[in-house]
Amino acid sequence: MMNLIEKKILSDGIIEPGNILKINNFLNQQIDPDVIYFLAQDLKKRFEGVEMTKILTIEISGIPIATMLGHLLNLPVVFARKQEILNTTEGMYSSQAFSFTHKQQNKVYVPMPFISSADKILIVDDFLANGEASRALIDIVNQAGATVAGIGMAIEKGFMKGGRELRAEGYRVESVVIIDEMDYETKTIHFRQQTKEIYLAGGCFWGTEHYFKQIEGVVETEVGFANGNTENPTYKEVYTDTTGYAETVHVKYHPDVVSLEFLLQMFFKAIDPTSLNKQGHDEGTRYRTGIYYTDPEDLPVVEKVFAEEQKNHQQPLAVEKLPLKNFYTAEEYHQDYLDKNPTGYCHLPLSLFEFARKAKEKK
Ligand code: 5GP
């Protein structure tokens, strides 16, 4: 399943020597407003729930995307200039970026009044390659004493180091499209399949994680604590049952391989959905069941699976369905617990793991 931008890149993009992609007839010269709208919508969704006060981009091609996103998020947009503004008395933040496309050092400038130390800045641009342009903008945000809330890109060249390094440094980098390979000779482009996520509380997280790991299309799992009331809870704190947290599994999956609907159907097979705050021998609010989503567009799917499941029960379902409020990763020894401790306690029967390994969605 390709998105609009991937299709546009394949139909209209031109690969130039030196790993440069020209997309002059929808983004870099002629601008297709539908493409810009799609990019902005997608970035808006990706930064849902992140606190931001302003968007910072860099001229020229970042501006249309940033502007549309600013419109959707109701945020002002500031762009960095690539040329010094003469005849002004305003102070300037400035930084340097080596231009990947022009192979030269460029200075970038932002007048001081446009960023304040209270700002939480979302950095936006068209391409992420080595990350030089992003770093120049980060540098300017830092000079202003403001914070970087995230980095949103239209197209990331995943085979170049920018995205990897920025993520490793803890920046939240979201790209609508990631190109993993691009070949001038053969004119081929490979896109990275991006994952989706859902947070599932199904009682003790050891078994729930192990169960979801078996399912084809699930690419990553992580156990932790969701939708509670304290900061950085430890397992011991959550165990007191006073923090409001539920033991939860963060499931990342390839939507092309497995659907959310199927994952949720599998979830219901691994819980007693009418049992309140109790699964197996485990009792307490930390063992409640819940589906916590980060993409509001997932809600109709959640509702549908709930409605189907309810038909199988006389009592109302005791499973929460809520947006994810917060999630903290649990201590390392809880991760992949049943892989590390194959004979460890688990409220789920072994046969269920076997069932998960074999279960395949009917396409
Ligand atoms: P970076 O600073 O991350 O190395 O490169 C990002 C900047 O270089 C972007 O602002 C973008 O304008 C430009 N850029 C990098 N790669 C490409 C590309 O393949 N095509 C186009 N059109 N611009 C690129």
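## Two backbone features

Ile 60 lies in the loop between β3 (54–58) and α4; helices (H or I, at least four residues) and strands (E, at least two) are DSSP runs, numbered from the N terminus. The peptide bond that leads from Glu 59 to Ile 60 is cis, with omega near 5°. Asn 232 is placed in the loop between β12 (218–226) and α8 (235–239). Although Asn 232 is not a glycine, its phi is positive, at about 45°.

The structure is a predicted model, in which local features need pLDDT of at least 70 and side-chain atom pairs count only at pLDDT 80 or more, while totals for chains, interfaces and linings use all residues. Residues are numbered from 1 along each chain as its sequence is written.

## Domains

The chain is divided into domain 1 (4–191) and domain 2 (196–358); such bounds come from an automatic or database domain assignment. Taken over C-alpha atoms, the centres of domain 1 and domain 2 are separated by 36 Å.

## Helix α3 and its partners

Helix α1 (residues 4–12) and helix α3 (residues 33–46) have axes that come within 10 Å and cross at roughly 140°. Axes are lines fitted to C-alpha atoms, for helices over the stretch in contact, and angles run from 0 to 180 degrees between N-to-C directions. On the α1 side, Leu 4, Ile 5 and Lys 8 meet Val 35, Phe 38 and Leu 39 of α3; two residues are in contact if their C-beta atoms, placed from the backbone, lie within 7 Å. This contact of α1 with α3 holds five nonpolar residues, no polar residues and one charged residue. Here Ala, Val, Leu, Ile, Met, Phe, Trp, Tyr, Cys and Pro count as nonpolar, Asp, Glu, Lys and Arg as charged, and the others, Gly among them, as polar.

Helix α3 also packs with helix α4 (residues 62–73), at an angle of about 55° and with the axes 8 Å apart. This angle makes α3 oblique to α4. The crossing of α3 past α4 is right-handed (left-handed if the near helix is turned anticlockwise from the far one by less than a right angle, and right-handed if clockwise). From α3, the residues that meet α4 include Ile 36, Tyr 37 and Leu 39, and among their counterparts in α4 are Pro 64, Ile 65 and Met 68. By class, the contact of α3 with α4 has 11 nonpolar residues, one polar and one charged.

## Helices α9 and α10

The axes of helix α9 (residues 260–269) and helix α10 (residues 299–310) come within 10 Å, crossing at roughly 40°. The two helices, α9 and α10, are therefore oblique to each other, and α9 passes α10 in a right-handed crossing. Leu 260, Glu 261, Leu 264, Gln 265 and Phe 268 of α9 make the contact with Val 301, Val 302, Lys 304, Val 305 and Glu 309 of α10. Six residues of this contact are nonpolar, one is polar and three are charged.

## Surroundings of the ligand

Of the 20 residues around the ligand, those that come nearest are Phe 127, Ala 129, Asn 130, Glu 132 and Ala 133; a residue is near a molecule or strand if its C-beta atom, placed from the backbone, lies within 6 Å of it. Two or more residues of the shell are given by each of β2 (20–22), β7 (120–128) and α5 (132–143).

Strand β7 gives the most to the shell around the ligand, with four residues. By class, this shell divides into nine nonpolar, seven polar and four charged residues.

How values were computed
Angles under 35 degrees count as roughly parallel, over 145 as roughly antiparallel, 65 to 115 as roughly perpendicular and the rest as oblique.
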